[in-house]
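Visitor: I would like a quick tour of this structure. Please keep it brisk.

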Amino acid sequence: AQLFTKEKVANNIDNLDQKFLSWGYFLGFNQYDFKFDYEENLDDILVDKTFGFHLGLIGDMRINDYMNLRLEPGVFFTTRNLMYNESYFAGT
């Protein structure tokens, strides 16, 4: 981005990690699934793979030079779909 301008690249902030408390956030994508281990090869339950997302906050407390306490509360949004033939379970 600095190719056509005369701007200099900013130096790193030296003491950024020295703060007692710092915070941030995270955002991501996920894919949840079920795994069935059958003794026989049965295809009675099918799983539809779906995608979701998650987001949350990151809180970091500097305890000393060698140790930090980090909390990451977040929420995950996703769905899982199971598909099966209802006649298979009619007798149970």
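Visitor: How many salt bridges does a search of the whole structure find?
Guide: The model is predicted, so local features need pLDDT of at least 70, side-chain atom pairs count only at pLDDT 80 or more, and totals for chains, interfaces and linings use all residues. Residues are numbered from 1 along each chain as its sequence is written, and side-chain values use heavy atoms, with hydrogens and water left out. A salt bridge here means a side-chain nitrogen of Lys or Arg within 4 Å of a carboxyl oxygen of Asp or Glu. On that criterion, the search of the whole structure finds two.

Visitor: Which residue forms a salt bridge with Arg70?
Guide: Side chains of opposite charge can pair when their charged atoms come close. For Arg70, the closest N and O atoms of the pair are 3.3 Å apart. The partner is Asp60.

Visitor: Which strands does that pair link?
Guide: Strands are DSSP runs (E, at least two residues), numbered from the N terminus, and helices are runs of H or I with at least four. The pair links distant parts of the chain, ten residues apart. Asp60 is in strand E3 (residues 50-64) and Arg70 is in strand E4 (residues 67-71).

Visitor: Is Asp60 buried or exposed?
Guide: Buried means under 20% relative accessible area, exposed over 50%, and partly exposed in between (1.4 Å probe, protein chains only). Arg70 has 52% relative accessibility, so Arg70 counts as exposed. Asp60 has a relative accessible area of 11%, so Asp60 is buried.

Visitor: Which residue meets Arg62 in a salt bridge?
Guide: The N to O distance for this pair is 2.9 Å. Arg62 counts as buried, at 15% relative accessibility.

Visitor: Which side chain makes a polar contact with that of His54?
Guide: His54 is found in strand E3. At a relative accessible area of 14%, His54 is buried. A polar contact is a pair of N or O atoms within 3.5 Å; within protein, one must be able to donate a hydrogen and the other to accept it, and residues adjacent in sequence count only if both atoms are side-chain atoms. At 3.2 Å, the partner is Asn30.

Visitor: What pattern does the protein chain follow along the sequence?
Guide: The chain has zero helices and six strands. Of its 92 residues, 11% count as buried. Read along the sequence, the pattern is β-β-β-β-β-β.
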